[in-house]
Amino acid sequence: MTVPVLQLRDLTKSFGDKVVLDGVSLTVQPHEVVCLIGASGSGKSTLLRCCNLLEPASGGTISLFGVDLAGDEVRGELVRREVGIVFQSFNLFPHRSVLDNITMGPRRALGASKQAAEAKALQLLERFALAEKAHDYPDRLSGGQQQRVAIIRALAMDPRLLLLDEITSALDPALVAEVLDLVRELAATGMPMLLATHEIEFARDVATTIVFLEAGRIVECGPPSEVLTHPKDERTATFLRRYLDGDVRSG
Amino acid sequence: MFAHTFLNPHYMKIALLGDPSHNITPMWQAFLKNVLLCVVAEPLVLLVALPIALLRNAKSPILAGPRFVLTAYVDFARGVPLILIVLSVYFGFPILDIPFVSSRTWFQYGLFCLVFCYAAYVSEVYRAGVQSVPFSQTLAGRAIGLSEFQLLRHVTIPQALRIVVAPLINDFVSLQKDTAIIGIGAGVIELLKAAQINQGVFFNDSSYAVAGLLFLSICVPLTRVADRLQAKDMRARLAGSQS
Ligand SMILES: Nc1ncnc2c1ncn2[C@@H]1O[C@H](COP(=O)(O)OP(=O)(O)OP(=O)(O)O)[C@@H](O)[C@H]1O
Ligand SMILES: [Mg+2]
């Protein structure tokens, strides 16, 4: 067996008295795409942020390629150079051009030269049909373009795992497809991903594993053909019925 | 009558350019002292305020002590009238008999007073600027592996700066006016003193008008620049940048 990209064992997280993650265990294998689904407030964002130490976990273990991240000597910024994350609200740097947004990480965090970082950024922009936006500022771009730039910004770090937190939730329905297509393409190249999404049909399409989260616990976990089509747990079924009824866009 | 007392062209000219027969310092020369004082004080203020703001914003528990001291300092410096600090320094420091402190020039004492007072104000402006950068930007910076220092240097401070320029100019305008207060303690002939001397010799108040105009000649253009920057910033906000 190969070493898992990411392995969570009994992860817990509380904010004060409020328990947000209550013993979560899951594994992301190489080339796997794991989709987290669950109602608002079920802890998806918190779970993702714990994985690259943006939030310190309260208990349990997180290991990345077999290395336990709990040790005092593990520095958050070093973990985040290996594990990229993309947010719901893009969070591009408004004071920097698209190109500078993408090269900041490689140049400052990884110490790449300006030329090398820019060449690579332009190559990525080219690949995802955004080359002509390289010198624009983020506020000149559509939401879909901004989110694709945000994904490229994460990719420019050559991450070994990508975390995506509801990256289409803040987008107009018309712009969702371009972003999801990009993620599909990444999945096809074998990039390991752990993502939270409300797009059930997309999850069915791209996921190797679906994890249904409720109130900080995993209710059900398995391949999409099982969890999404024949849920074993009544709570999963209720959640899916509600979503699939209301889910007009993914069609 | 008003014009004769306050805006008498004859006395205004004498006040501004001096009068050799009465051995009176021209006010434009006296004004150079004010200008020099504020031009040297302002960069020092900007510099000293930065670590104060960063330390007060830092979350680390190790820095709780310095944070407390700095908070007390900022409250004190903002709460006490500058004139009180000026009088205490000019009349107190020389008699303290402390080697370095007690033997400084009027100019150095003046710098100290201005920096002491204004670094507190400016550190608050910096702090507000840094805090107005959304936390999502901090997350985004951390997400690409930046260290906390790099985050400040490349993400937080550049964005805070845009917000902070206009309020900083406003503080600079106040500082410029407050150089007159230094004159009260320092006993040198800067603009306010020169105006008083003039008034005493000619029994005409036009010298005060000249002093006012000289201060305004610096304050008004600066205030206009600040207003314009503020309007520009507001336009940019209203035009909406989504990230
Ligand atoms: N910094 C915080 N302090 C206190 N409580 C928090 C904090 N962050 C999240 N929470 C709480 O943790 C719970 C889970 O939040 P989380 O954002 O992880 O949910 P989510 O599944 O991502 O929801 P959504 O679908 O709305 O994004 C919520 O009840 C939220 O209020
Ligand atoms: Mg969320």
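Q: How much area do chain B and chain A bury between them?
A: Chain B and chain A bury about 2,000 Å² between them, counting the accessible area (1.4 Å probe) that two parts lose on being put together, summed over both. Carbon and sulfur atoms hold 59% of that area.

Q: What sort of model is this?
A: This is a predicted model, in which local features need pLDDT of at least 70 and side-chain atom pairs count only at pLDDT 80 or more, while totals for chains, interfaces and linings use all residues. Residues are numbered from 1 along each chain as its sequence is written, chains are lettered from A and ligands numbered from 1 in the order in which they are written, and side-chain values use heavy atoms, with hydrogens and water left out.

Q: Back to the contact. How many residues from chain B and from chain A?
A: Chain B gives 21 residues and chain A gives 24, with contact meaning heavy atoms within 4.5 Å.

Q: Which side chain does E55(A) meet in a salt bridge?
A: That of K13(A), at 3.5 Å, N to O. The pair links distant parts of the chain, 42 residues apart. E55(A) lies in the loop between α1 (44–51) and β4 (59–64) of chain A, and K13(A) in strand β1 (residues 6–15) of chain A. Helices (H or I, at least four residues) and strands (E, at least two) are DSSP runs, numbered from the N terminus.

Q: Switching to chain B: how many helices and strands?
A: Chain B has 10 helices and 0 strands. Its C-alpha atoms fill a box of roughly 75 × 50 × 25 Å along the principal axes.

Q: At what angle do α5 and α6 of chain B cross?
A: Roughly 140 degrees, for α5 (residues 82–96) and α6 (residues 106–131) of chain B, whose axes come within 10 Å. Axes are lines fitted to C-alpha atoms, for helices over the stretch in contact, and angles run from 0 to 180 degrees between N-to-C directions. α5(B) and α6(B) are therefore oblique to each other, given that under 35 degrees counts as roughly parallel, over 145 as roughly antiparallel, 65 to 115 as roughly perpendicular and the rest as oblique.

Q: Which residues of α5(B) and α6(B) meet?
A: Among them are L82(B), I85(B), Y90(B) and F93(B) in α5(B), and W106(B), Y109(B), F112(B) and F116(B) in α6(B). By class, this contact of α5(B) with α6(B) has 14 nonpolar, 1 polar and no charged residues. Ala, Val, Leu, Ile, Met, Phe, Trp, Tyr, Cys and Pro count as nonpolar, Asp, Glu, Lys and Arg as charged, and the others, Gly among them, as polar.

Q: What about α7(B) and α8(B)?
A: Helix α7 (residues 135–143) and helix α8 (residues 148–186) of chain B pack at about 140 degrees, with axes 10 Å apart. That makes α7(B) oblique to α8(B). Their crossing is right-handed. Q137(B), T138(B), G141(B) and R142(B) meet E148(B), L151(B), V155(B) and Q159(B), which divide into 2 nonpolar, 4 polar and 2 charged.

Notes. Salt bridge = Lys/Arg side-chain N within 4 Å of Asp/Glu carboxyl O. Left-handed = near helix turned anticlockwise from the far one by under 90°.
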